[in-house]
Amino acid sequence: MRTTTINFRLAIICLAAASVGLSIAIISIAKLLLLLCAVAALLLRKGLSQDGVTLAKTFTLPAVLAVLLAFVLSLFWTVAPLREAAGSLAKYGKLMIILAMMALIRDRREALYALAAFAIAQLLVVLSSWMLFVDMPVAWASSRTTVSHYTVFSGYLDQGIMSAVFAALCWHLRGLVPGRYGPQIAVAVAVLSLANVFFVMIGRSGQLVGVVLLSLAIMWQLPKKYRAAVVVLPFLLVAALFVSSPAVRERLTLAKTEVQNYSAKQDASTSSGVRLAFWRRAAQVIAQRPLAGAGIGSWSSEYDRLERLDNPRHKDINRGSNPHQEYLLWGVQLGVPGLLLIAGFMLSVLRDTLKMETPYARAAQSALLALAVACLFNSTLYDGLIGDFFCVLIGLLLALGLSKPAGPPLPQHAT
């Protein structure tokens with residue numbers, strides 16, 4: 001019976017790890033099963049990490065709990081309708097997935113199984129995107145932009161970011177791939193994934209994340225005395241991509257045009273224009289409510305209020321929308337303390353990665369940096385799918401790096 005229970009728990013963990021590369025429906029089912037499994041394990045005191053991560057000794061546990069407590073308390077002063085506030089709170093509830101993954105994974109062997117499930121699903125997405133690019137049929141593709149943008153299950157923004165992160169993990173954890181040519185295969189997959197981000201996908205966020213993670217990987221390969229070059233590496237990479245990649249060149253040129261139009265004409269009809277307009281309003285809300293913010297789920301209400309002051313005929317934006325910037329969104333909802341909370345959450349994860357062996361630490365730090373960069377241009381944790389991706393992955397990588405080894409240590413690559 002116990003073996004069956006363990007296998008069922010591990011199957012749910014692997015499903016959750018694989019789901020974040022698939023459709024939102026599969027992600028939702030996997031999340032529910034994972035959280036139910038964690039609750040059951042907690043109540044029965046079985047299945048929790050024994051040789052794995054001791055949650056009580058991590059910085060991530062109190063950070064996640066502090067964030068969720070702050071959002072719950074903000075229900076008492078939120079200006080948002082209760083239904084909208086509750087919906088936003090549920091979206092941030094996905095942070096519990098980080099703790100669930102760490103609690104349920106019992107040792108590094110189980111973490112490796114989950115990582116393999118994650119990698120298989122991500123590889124399916126990358127290969128499918130390339131197949132679409134060369135006009136091959138992909139029967140399982142369900143994205144609305146499958147034909148136009150070569151996406152498989154999500155939009156180009158999410159897929160580009162996920163593939164960039166996947167490429168970084170393939171590189172840093174290449175020593176985990178079994179077989180004589182395992183590491184070389186992992187490197188080839190990393191190159192294939194990054195090429196997809198830079199030459200097939202049109203998402204600027206994914207391309208930026210790819211540039212940042214590639215710069216970081218190059219820096220770690222350089223002798224320490226040359227690592228200061230990381231300051232100029234991103235600019236050199238962007239310049240090289242601008243020349244060699246039509247997708248990058250087109251998107252950078254479009255971004256420049258959109259920003260110029262917003263500066264000159266307040267044109268908020270474009271992607272960059274909408275972001276700039278939202279960010280301006282978000283900064284106004286934070287300035288007006290710096291101590292506690294406007295409460296959970298308040299962005300739409302506050303944006304409409306400020307817009308109506310300038311234009312009484314303003315039509316309300318969609319409920320549950322966001323300013324496309326995670327840091328500002330936390331500032332709107334929780335004020336300056338919200339900005340400190342999100343910074344504290346990321347620093348807490350970073351502190352935990354410092355306890356890991358080098359390859360595991362670099363993989364986790366790359367995922368965390370990708371999240372930090374993505375949050376500059378999107379409400380990454382608030383959004384579905386991409387937020388689930390990062391929560392599952394961060395929980396998995398923390399469990400992988402902090403668990404006791406179930407076999408020989410991972411080879412240390414040259415630094």
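Asn322 is buried, at 9% relative accessible area (buried means under 20%, exposed over 50%, and partly exposed in between, using a 1.4 Å probe and protein chains only). This is a predicted model, in which local features need pLDDT of at least 70 and side-chain atom pairs count only at pLDDT 80 or more, while totals for chains, interfaces and linings use all residues. Residues are numbered from 1 along each chain as its sequence is written, and side-chain values use heavy atoms, with hydrogens and water left out.

Asn322 sits in the loop between α14 (299-310) and α15 (326-334); helices here are DSSP runs of H or I with at least four residues, numbered from the N terminus. Its side chain makes a polar contact of 3.3 Å with the side chain of Asp383 (a pair of N or O atoms within 3.5 Å, one able to donate a hydrogen and the other to accept it; residues adjacent in sequence count only if both atoms are side-chain atoms). The Asn322 side chain also reaches the backbone nitrogen of His324, at 2.9 Å. Setting aside residues up to four places away in sequence, Asn322 touches Phe278, Trp299, Leu329, Ser379, Tyr382 and Asp383, where contact means heavy atoms within 4.5 Å.

Then there is the largest nonpolar core, with 118 residues. Such a core is a set of buried Ala, Val, Leu, Ile, Met, Phe, Trp, Tyr and Cys residues joined through side-chain atoms within 4.5 Å. Phe118, Val165 and Phe345 have the most contacts inside this core, and helix α18 (residues 386-402) gives the most to it, 13 residues. Beyond its neighbours within four places in sequence, Val165 contacts residues including Val209, Leu213, Phe389 and Leu393.

Key. Helix = DSSP H or I, 4+ residues; strand = E, 2+ residues; numbered from the N terminus.
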